[in-house]
Structure formats: structure tokens, C-alpha cells
Amino acid sequence: MRHILRADQFDHDELARLFGRAIFFMEQDQHIKTRRNTLKLHQGRIMVSMFYEPSTRTRFSFEIAAAKLGMAVIGTENAAEFSSAAKGETIEDTVRVLNEYGVDAICMRTKEDGHAARAAAVSNVAIINGGDGKAEHPTQAVLDAYTIYQKFGRLDTLQVVMGGDLAHGRTVRSLAKLLSTYKNNHIIFISTPELQMSADVLKYLDKNGTTYEQTDDIEKAFTGADVVYWTRLQLERHSDAKLAHGTQAFTIDKSTLRYLPKKAIIMHPLPRVNEIAAEVDKDPRAVYFKQAGNGLYVRMAMLDAILKELP
Ligand code: CP
């Protein structure tokens with residue numbers, strides 16, 4: 001595993017190894033003595049953090065993961081403004097130069113679809129896609145899968161409801177693709193017609209034999225769900241306020257919860273805006289903050305896997 005670019009690049013054995021390693025790092029993190037042991041693992045390694053778009057979870061969890069593994073982290077507060085991208089430098093040239101500086105991993109979030117793959121094409125250093133445009137968010141999909149596995153002990157034979165702005169959200173695209181590599185999952189996409197899941201993802205599910213439905217009926221979608229994966233309106237990717245019309249119907253609140261089975265979990269990649277009411281946070285099925293926390297240990301596991309392969 002040199003680069004992390006797509007959610008479906010991980011085979012099931014590799015995911016199982018990452019999950020096992022994430023548990024190990026979570027346990028190591030509980031005591032200062034074992035934390036200090038973990039710090040010794042990758043001393044002398046450097047991760048560059050290049051975020052051309054805002055981020056709380058992906059950036060901080062990767063930077064903290066690197067720090068806990070003993071790596072040095074070098075970054076810029078806002079790569080779009082404070083790197084030479086602001087003067088017109090291409091992503092390829094930026095990555096070529098970082099390669100010259102002897103770094104070990106470059107974690108990036110870009111505004112454009114496919115930028116992480118373009119960076120990887122010219123890089124001998126591991127490129128980690130922390131989200132590229134509305135295309136993919138592979139490390140989010142792995143931590144989402146880990147969170148689902150934590151609850152159900154499997155990633156197959158699940159009924160998964162994905163809701164919100166499916167047309168512009170990269171997390172739902174990556175998770176749908178990853179889950180479609182497992183058997184017998186059924187995905188229910190719930191949104192307005194304008195914000196439904198893109199045709200390319202539906203085609204991908206068809207190719208893998210994963211069944212799905214598209215609906216705007218929240219009651220029907222929630223009944224029988226194992227996982228509800230909710231997302232916000234991605235207003236940074238479209239400014240058409242008309243598209244927002246109708247999404248208010250897709251707010252999860254106390255009244256919506258009555259449709260949801262007791263065994264289900266409610267996930268959200270966060271940030272949450274108003275599509276999940278704060279009153280839902282106390283419901284035992286709401287796992288979105290735990291999900292975000294899992295991101296730290298899953299990302300430690302991913303960095304560790306990349307670095308272990310280096311000479
Ligand atoms: N889930 C996620 O990608 O959050 P951030 O945008 O805060 O990184």
C-alpha cells in the first residue's frame with residue numbers, strides 16, 4: 001500500500017489487518033507508558049499535510065495520528081492560500097518538489113476530483129487522499145467500515161440507508177463502493193431527486209451485484225435499517241439554493257427516531273449542520289462522535305501500514 005486513493009483499493013484481508021491494528025493503537029493510547037512505546041515506532045519519518053479545503057476531523061486526526069506515531073508533521077494552515085498553488089503552481093509540481101525534500105507521506109485534501117491520483121502519478125512518496133472534490137474520501141470510508149464492524153461484527157448482509165446530499169458528498173460515494181465489495185448488502189439512498197446518488201456509483205453497485213433503492217420516504221427507509229448514514233447539504237460544491245428545497249424533510253429528530261430499529265446505528269461523517277437535531281445525540285444509536293474518534297486509530301493504522309513498507 002503506497003498510496004491511498006480510493007475506498008475500493010483495500011481487499012478484505014487488508015481491512016481486517018487495519019482494524020486489528022486500530023484496536024492495538026487504541027489500547028496503546030490508554031496509558032502514557034504504552035503511548036511512549038508507540039512514539040518510538042516511526043521516529044525520523046515526516047508527514048506533509050496539504051489541505052486546500054477546510055477540515056477538522058481528517059486534518060487533525062491525521063496530524064495527531066502522525067504525532068502519536070513519532071512522526072514530524074509539516075503543513076500549512078491553508079494550502080490554497082499559503083502554498084504556491086495561489087500563484088498557479090500545479091499539484092504535480094508541488095508534489096514533485098515535496099518528493100525532493102525526503103518526506104515519507106503526503107496527506108492532502110483537494111478541491112478538484114482526481115487531484116490525489118494526479119499527485120500519486122508523479123510521486124514516489126505515499127499520497128494519502130484526504131478527500132478530493134466530490135470524488136472520494138477513502139480514509140473516511142475505512143473508518144466508517146470500522147465503526148460498522150465494531151457494532152455488527154461484519155460488513156456483509158447489512159441494510160444501509162444513506163441520506164442527504166448524495167449528489168455532492170464524497171463520503172457516501174466511497175462508503176457505498178467499499179460496502180459493495182461485500183456480499184448481500186442492500187443500500188437505500190434517500191434524498192430529493194436533484195440530490196440523489198450519481199449514476200456512476202449506481203453503475204458500480206450494479207456491476208458488483210449490490211442491490212439498492214432510491215426513495216424520499218424516510219419512514220420506509222428507516223424500517224429495517226441496520227445503519228443510517230446521514231450527510232449535510234454540501235453548499236461549498238453548489239450554490240443553487242433551490243437544490244436545498246425539500247431537504248428539510250430529511251432532518252433526523254426525536255420523531256424520526258421512532259421508525260428506526262433498536263439495533264440500528266446512526267452515523268454521520270460530520271460536520272453536522274442541522275440535518276441531525278442535537279436531541280438525537282443522547283440516543284444510544286447515535287455513534288457519530290465515536291465514529292469520528294475511531295478515525296484517529298484507523299488513520300494511525302493506515303500510516304503505520306504505509307511506513308512499515310518503506311526501506
Ligand atoms: N468527515 C470529514 O471529512 O470531516 P472534515 O471535513 O472535518 O475533515
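In this predicted model, the C-alpha centres of domain 1 and domain 2 lie 25 Å apart. The domain assignment of the chain gives 7-135 together with 295-308 as domain 1, and 138-291 as domain 2. Both domains give residues to the shell around the ligand, so the ligand lies between them.

**The two domains**

- Where the two domains meet, 26 residues of domain 1 are in contact with 25 residues of domain 2.

**The surroundings of the ligand**

- The ligand sits in the largest pocket, and the residues that surround the ligand are Ser55, Thr56, Arg57, Thr58, Arg109, His137, Gln140, Pro269 and Leu270.
- Sorted by class, this shell holds five polar residues, two charged residues and two nonpolar residues.

- Arg57 takes part through its backbone, with a polar backbone atom 3.0 Å from an oxygen atom of the ligand.
- Arg109 takes part through its side chain, where a polar atom lies 2.8 Å from an oxygen atom of the ligand.
- Gln140 also uses its side chain, in which an N or O atom is 3.0 Å from a nitrogen atom of the ligand.

Definitions and conventions. Residues numbered from 1 in each chain as written. Predicted model: local features only at pLDDT ≥ 70, side-chain atom pairs only at ≥ 80, totals over all residues. Heavy atoms only, no water. Near = heavy atom within 4 Å. Polar contact = N/O pair within 3.5 Å; in protein donor to acceptor, adjacent residues only side chain to side chain. 1 Å grid on protein atoms, 1.4 Å probe; cavity = no way out; pocket = protein on both sides within 12 Å on 5 of 7 lines; lining within 4 Å. Sits in = over half its atoms within 2 Å of the grid points. Nonpolar A, V, L, I, M, F, W, Y, C, P; charged D, E, K, R; others polar. Domains from an automatic or database assignment. Contact = heavy atoms within 4.5 Å.
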